[in-house]
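Hi,

Here is the structure I promised to pass on.

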Amino acid sequence: MTTDLTNPKWTYTIILDDVENPREPVGGKTLDLSGFELSYQSSVEEIIKVTLEGNAPSVDTTTEKIVLSVKEIDSNGNTVASSAVEKKALVVNTGDVTKVVSEKNTNLQSLQSHIDEKSAMGIDTSAAESYYNDAQSKISTASSRPATQYTEALNDLTASQASIDAGEVALELAWAESEVANARIPISNVDGIIAWFKGNQSTANDAQLSAIIAKREVAVNYISNAEDAINSGSYEQARTKAADAFSKGNESYTEALARQKQLTSGWQLPGLPSLPKLPGGIFLIIGVIVVVLVVVGVIIYRKRSRWDELG
């Protein structure tokens with residue numbers, strides 16, 4: 001018989017046909033009973049009564065220890081398998097709870113810093129904040145439990161870590177969704193300009209329109225890839241695809257905006273901003289007309305003046 005208890009003391013009695021034969025108490029981790037002491041004729045009823053006393057051992061971390069192990073050894077020193085009996089018990093290091101509480105609080109602070117960081121970026125952190133509050137509550141509950149509720153405290157702390165992990169995932173999801181939403185902005189902008197091109201007969205078949213639309217379609221395809229990545233939980237990949245979508249969409253929008261400005265550039269009638277701009281070449285025509293009108297006006301003025309002098 002063996003034990004992991006400290007300061008063990010074995011007290012045992014061999015009972016033969018209801019007659020007790022007490023033995024001297026024995027100390028040490030092991031109690032050996034010889035075959036000579038245990039072997040009697042089959043007609044004799046033999047019972048062994050053993051009492052073991054000891055203290056729970058000190059442990060660095062909570063772990064299972066053997067309270068009592070009983071086994072029979074044959075003449076060759078091998079254990080007779082059918083004889084093995086073992087009783088274990090969990091030996092608690094109450095400092096473990098304090099250690100784990102500190103660890104979870106550190107993880108909780110990390111989640112809080114990530115929430116603050118994403119919030120400053122304009123990302124919705126409400127889901128992560130809910131998980132944060134749940135984890136904080138569980139850590140508080142574990143800290144307030146007495147030492148006798150060690151297992152319950154550890155269960156609370158395990159659950160708190162699950163909430164912390166879920167909060168981090170919620171932040172990653174919200175970040176990816178925010179990036180996708182931002183990538184849609186230039187696409188929406190270029191859609192408005194494309195509609196302007198197609199809505200005007202003079203620009204509907206513009207030579208640069210097809211290239212603008214092609215880049216817009218590439219951006220839309222990146223958006224689709226980003227959404228697929230979100231659905232599969234690949235949030236980092238989703239952000240990468242969203243960044244590609246934003247870049248290509250912005251490129252399409254910039255080119256569309258420049259082409260629209262080029263087509264609508266020219267002189268605009270003063271005081272009439274609602275009228276379409278006139279082509280730049282109209283300045284020459286208007287200048288010629290003004291000169292002719294001035295010359296004609298001068299000639300008419302002189303003739304009228306001469307007529308006035310003649311009476």
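Helix 3 (126-144) and helix 4 (150-199) are among what covers the buried residues of helix 2, where contact means heavy atoms within 4.5 Å and buried means under 20% relative accessible area (1.4 Å probe, protein chains only). Those buried residues are D96, V97, V101, K104, L108, L111, I115 and K118.

Before going further: this is a predicted model, so local features need pLDDT of at least 70 and side-chain atom pairs pLDDT 80 or more, while totals for chains, interfaces and linings use all residues. Residues are numbered from 1 along each chain as its sequence is written, and side-chain values use heavy atoms, leaving out hydrogens and water.

Overall, the protein has seven helices and six strands (DSSP runs numbered from the N terminus: H or I, at least four residues, for helices; E, at least two, for strands). Along the sequence the pattern reads β-β-β-α-β-β-β-α-α-α-α-α-α. Of the 311 residues, 25% are buried.

Just after helix 2, G122 has a positive phi of about 85 degrees.

Then there's helix 5 (residues 209-231) with helix 6 (residues 235-264): their axes come within 8 Å and cross at roughly 165 degrees (lines fitted to C-alpha atoms over the stretch in contact, angles running from 0 to 180 degrees between N-to-C directions). The two are therefore roughly antiparallel, the term for angles over 145 degrees.

Cheers

Conventions. Angles under 35 degrees count as roughly parallel, over 145 as roughly antiparallel, 65 to 115 as roughly perpendicular and the rest as oblique. Buried means under 20% relative accessible area, exposed over 50%, partly exposed in between (1.4 Å probe, protein chains only).
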